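Let's take a friendly walk through the pockets and some paired strands of this protein. Have the sequence and the 3D view open as you read.

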Amino acid sequence: MMKTISAASLTLLLAGVASPALAQSAPDWSGPYIGVYGGVLENNEDAGEQLIFDRDFDGDFDDTVVLNGTTNSAFSPGSCDGAALGQTPADGCDVDPTGVEGSVRLGYDMQFGSFVVGAVGELSVADVEDSVTSYSTTPAAYAFTRELETMAALRLRAGFAAGPALYYVTGGGAKAKIQNSFRTTNGANSFTETVNDDEADGYQLGAGVEWRLAPNLSLTGEYLFTNLQPGDYVVRAGPGTAGPTNPFILPPNTVGTDIVRSNDAMELHAIKLGMNVRF
């Protein structure tokens, strides 16, 4: 739903709350501004995501965890988007909920005729998660979750002023703090987490409409796509109390198996509304 919301929809929303008298004005967009924004975030699910394995510790997650004495995958039941609701695929997965975000912006614009260019910095606090689960034949479920906590972004924007409206596109870099977690219904093996970095670098692209409500006050509606590349998060399945035929500790590597998720990116779609005070 969020991916299909167009700039035209945002224009109609802003136009509906604007004063007809202001529609005749042509404000100057040059100068600094500060704004407060809020919105909803939706995780861009990867339908083919699953857990992948490194059995020989060569750093490549291209190995198959097999059942003892066979070439059959111990993870043949498959995977699902979201966090597991039980030990088997039949129990289903909890779909990642829509998240929320609140932010503060500081920006500066310069106007050249009808053309407006500027830069904006944004600090956000967010609550959105991205989970994936794979199932073993044990049966057991193994779920990885990423949670976005805070984000900082620095973007450029360029737009076209028409009456009280500024139509613009924006893009730039982003840096975020992401909390990783793991849970499983497997009580036999031991599981050790390794987090190389809880920060993620990425970029943002978007478009929006800013509508001048008063000489120093404007309302903005915006769509923003964010792509983040989190640091490595590896879970090692060790022997624990499992027997020697346990798939994670079969020869030639009896130490264990490293596990990661196949999708190394966190992608988000956001719809935001905000109010700017201009100086």
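## The largest pocket

In this predicted model, the largest pocket has a volume of about 210 Å³. Its lining is made up of 13 residues, and those closest to the pocket centre are Gly231, Asp232, Tyr233, Val260 and Asp264.

Next comes the second largest pocket, with a volume of about 160 Å³. Lining it are 16 residues; Thr138, Tyr142, Asn186, Asn246 and Pro247 lie nearest its centre.

How many charged residues are in the lining of the second largest pocket? There are none: the lining splits into eight nonpolar and eight polar residues.

Now turn to strand β6 (residues 99-112), which pairs with strand β1 (residues 31-43). These two run antiparallel and are joined by 11 bridges. One place to look is valine 40, which stands opposite valine 100 in β6.

β6 also runs antiparallel to strand β7 (residues 115-136), with 13 bridges between them. Here arginine 105 stands opposite glutamate 122 in β7. β6 and β7 form a hairpin with two residues between them. In that turn, glycine 113 has a positive phi of about 65°.

Methods
Residues numbered from 1 in each chain as written. Predicted model: local features only at pLDDT ≥ 70, side-chain atom pairs only at ≥ 80, totals over all residues. Heavy atoms only, no water. 1 Å grid on protein atoms, 1.4 Å probe; cavity = no way out; pocket = protein on both sides within 12 Å on 5 of 7 lines; lining within 4 Å. Points joined across faces, edges and corners; volume = space filled by probe spheres on them. Nonpolar A, V, L, I, M, F, W, Y, C, P; charged D, E, K, R; others polar. Pairing = 2+ DSSP bridges. Helix = DSSP H or I, 4+ residues; strand = E, 2+ residues; numbered from the N terminus.
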